[in-house]
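Please have the sequence and the structure open as you read.

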Amino acid sequence: MDIQNTAPVDRHNLIAFFASLCLFLSAIEYVIPKPLPFMRLGLANMPILLGLYIFNRKETALLVLFKVLGQGFITGTLFSYIFLFSAAGSFASAFVMLILHRTGKKRIGTVGISLGGALANTAAQILLSHFILFGNAVRYIAPVLLISGFVTGLALGFITGAFAAQSKWFALLPKNAYAQNL
């Protein structure tokens, strides 16, 4: 397929495609062994991070909604407290990443945006854990979650930045008005 002769991309189809990437990466991540059952690598956030450069706020929120609902279906947690944790973390992450992307201009790249999103996700889940599950005992698990969130956010930011810089496909996608160089 000649990448130069592709037709213009419909934004709705592009959102659906990115949502399917989220679900694919979520399914891949689901089968990867974890040291603790609730720890995730965050692979499904890669399309969200890339989407910041393509979609506006509403489209990004829709993408996150599709990701959260899809993950709930895939993992069978749609009607459980785990879904609430996933939704809170995902929307907190997306909110912080949007703010960093929109206000950071060229000072904050994919690594910084990814780190901000990972830490927002972790903070939201720690807060929910405090009120729903563990109370003050959450302080024992919080350092492990923050460290793992930092490491995975850093790795995801580097991987996403490298992909965006080298991908001919991504370079051809219509960028949002707020797009910045990766």
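With the ring-pairing rule applied, the count comes to five aromatic pairs. Bear in mind that this is a predicted model. Two of the pairs are set out here, starting with Phe 18 and Trp 169, whose rings are stacked, with 5.9 Å from centre to centre and 25 degrees between the planes. This pair links distant parts of the chain: Phe 18 belongs to helix α1 (residues 11-31) and Trp 169 to helix α7 (residues 168-172), 151 residues apart.

Now for Tyr 81 and Phe 85: their ring centres are 5.9 Å apart and their planes meet at 80 degrees, which is over the 60-degree cut-off, so the pair is edge-to-face. Both residues lie in helix α4 (residues 81-104), where four residues, about one turn of the helix, separate them. Tyr 81 counts as partly exposed because its relative accessibility is 44%, while Phe 85, at 10%, counts as buried.

Here are the two pairs in brief:

| Pair | Centre to centre | Angle between planes | Type |
|---|---|---|---|
| Phe 18 and Trp 169 | 5.9 Å | 25 degrees | stacked |
| Tyr 81 and Phe 85 | 5.9 Å | 80 degrees | edge-to-face |

Definitions and conventions
Residues are numbered from 1 along each chain as its sequence is written. This is a predicted model: local features need pLDDT of at least 70, side-chain atom pairs count only at pLDDT 80 or more; totals for chains, interfaces and linings use all residues. Side-chain values use heavy atoms; hydrogens and water are left out. Rings of Phe, Tyr and Trp (its six-membered ring) pair if their centres lie within 6.5 Å; planes under 30 degrees apart count as stacked, over 60 as edge-to-face and the rest as tilted. Helices (H or I, at least four residues) and strands (E, at least two) are DSSP runs, numbered from the N terminus. Buried means under 20% relative accessible area, exposed over 50%, partly exposed in between (1.4 Å probe, protein chains only).
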